[in-house]
Amino acid sequence: MATSLQSRVEAAAAQLIFGLPEPLRRLIAGRPIRLDGQELALDAQLLLRLQQLNRVSMSAGTPEVARQRILDSGHLVSGKPIEPVRTQEIVIPAEHGPLPATLYVPDGLPSPSPLLVFFHGGGWVVGSRASHDNTARYFAKHAGVRVLSVEYRLAPEHPFPAAPEDAVAAFGYAHAKAADLGVDPDRIAVGGDSAGGNLAAVTAQVTTARGGPAPAFQLLLYPGVDASTRRRSREIFGSGFFLTDADMTWFIDHYAPAGVDRTDPRLSPLLTEDFTGLPPAYVATAGFDPLRDEGEEYVAKLRDAGVPVTLSRQRDLIHGYVNFLGVGRRFREATSEAAGALRVGLRA
């Protein structure tokens, strides 16, 4: 009860701060941050300031501690549950055991409808359906789709390639059981943020390479697509902008420990040899994100292969913005654009 009360108080305090007049918010956030020809959004800078005050870190301690910390802190930024959206618990049979999933259906959506098979972010180590509940709700309601949010296996208990195996199995289930889910099998997208974007890209590659069925669309939100190389954006934005260089090292060392080939396309889909025939994609990057440059290189590879792709660099934002729907306006604006792209991409 005490924890619940504390959570409500902290969430209310965050709402109060973000509701202050702009001059006061700027006073709390500090001087504008300009880097690499970009200026950080005030909403993002204020969120980072609150993160510093609360000492929230994605990778401190053991994976178990980090998972609980992420879950406990989510209430500060995710907002109240988006309604009206109905949910149904699903169990996906897979070779290595059942995968829990949640099906989100916005009220009034006819059947059959498009579907987004969604994979949450969190470096393949943290995050869950619960941490991304409002993100899934947002896409369901604002893109006008069903969303199947998948609880894939996490490292280090289940290191690479467990997560991509689960992702491919989840897409296969969604396509095979489309009628039962109220879904049009020809309008199934894969998508996710960060590590989830990685899994969505891998799923599209694997299913396309084997001749299908394959997704109709990819929604890749600041995806990690190359675990083998450090890029300029990681050097510039590796400290102080939510996802840090230390976080990335901690995640990949748990997910792909010594002995794993980090150039494997199922881990680093940017390195696959053939991009031909992949589904159309919307790829969002964040200007102040260590993963920015690899995501934009992925777009270039898709374009070179003739794949229809939209790149949207949210120049003033940080990694993780689709989870910050409950504070400010800028994060919702960017997420709304992604929902619109999904709606158009799955249009009949």
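How many residues of strand β8 (residues 217–221) are buried? The answer is 5 of 5, so strand β8 is mostly covered, where buried means under 20% relative accessible area, exposed over 50% and partly exposed in between (1.4 Å probe, protein chains only). The model is a predicted one, in which local features need pLDDT of at least 70 and side-chain atom pairs count only at pLDDT 80 or more, while totals for chains, interfaces and linings use all residues. Residues are numbered from 1 along each chain as its sequence is written, and side-chain values use heavy atoms, with hydrogens and water left out. Helices (H or I, at least four residues) and strands (E, at least two) are DSSP runs, numbered from the N terminus.

Strand β7 (residues 183–193) pairs with β8 in the parallel sense over 5 bridges; two strands count as paired if DSSP finds at least two bridges between them.

The helices come next. Together, β7, α8 and β8 make a right-handed β-α-β unit, a crossover being right-handed if, with the strands pointing away from the viewer, the path from the first strand over the helix to the second runs clockwise. Helix α8 (residues 195–209) packs against helix α6 (residues 162–176) at an angle of about 65°, and their axes are 9 Å apart. Axes are lines fitted to C-alpha atoms, for helices over the stretch in contact, and angles run from 0 to 180 degrees between N-to-C directions. Contact means heavy atoms within 4.5 Å; by this criterion Ala163, Pro164, Ala167, Val168 and Phe171 in α6 meet Leu199, Val202, Thr203, Val206 and Thr207 in α8.

Beyond β8, Asp226 lies in the loop between β8 and α9 (232–237). Asp226 counts as buried because its relative accessibility is 6%. Leaving aside residues up to four places away in sequence, Asp226 touches Arg231, Ser268, Leu270, Leu271 and Glu294. Asp226 and Gly295 are 69 residues apart in sequence and 8.7 Å apart in space, C-alpha to C-alpha.

Some backbone details complete the picture. Most residues other than glycine have a negative phi, and most peptide bonds are trans. Ser194, in the loop between β7 and α8, has a positive phi near 60° and counts as buried because its relative accessibility is 11%. Asp36 has a positive phi of about 55° and counts as partly exposed, at 28% relative accessibility. The peptide bond from Glu83 to Pro84 is cis, with omega near -5°, and a cis peptide bond also joins Ser111 and Pro112, with omega about 0°.
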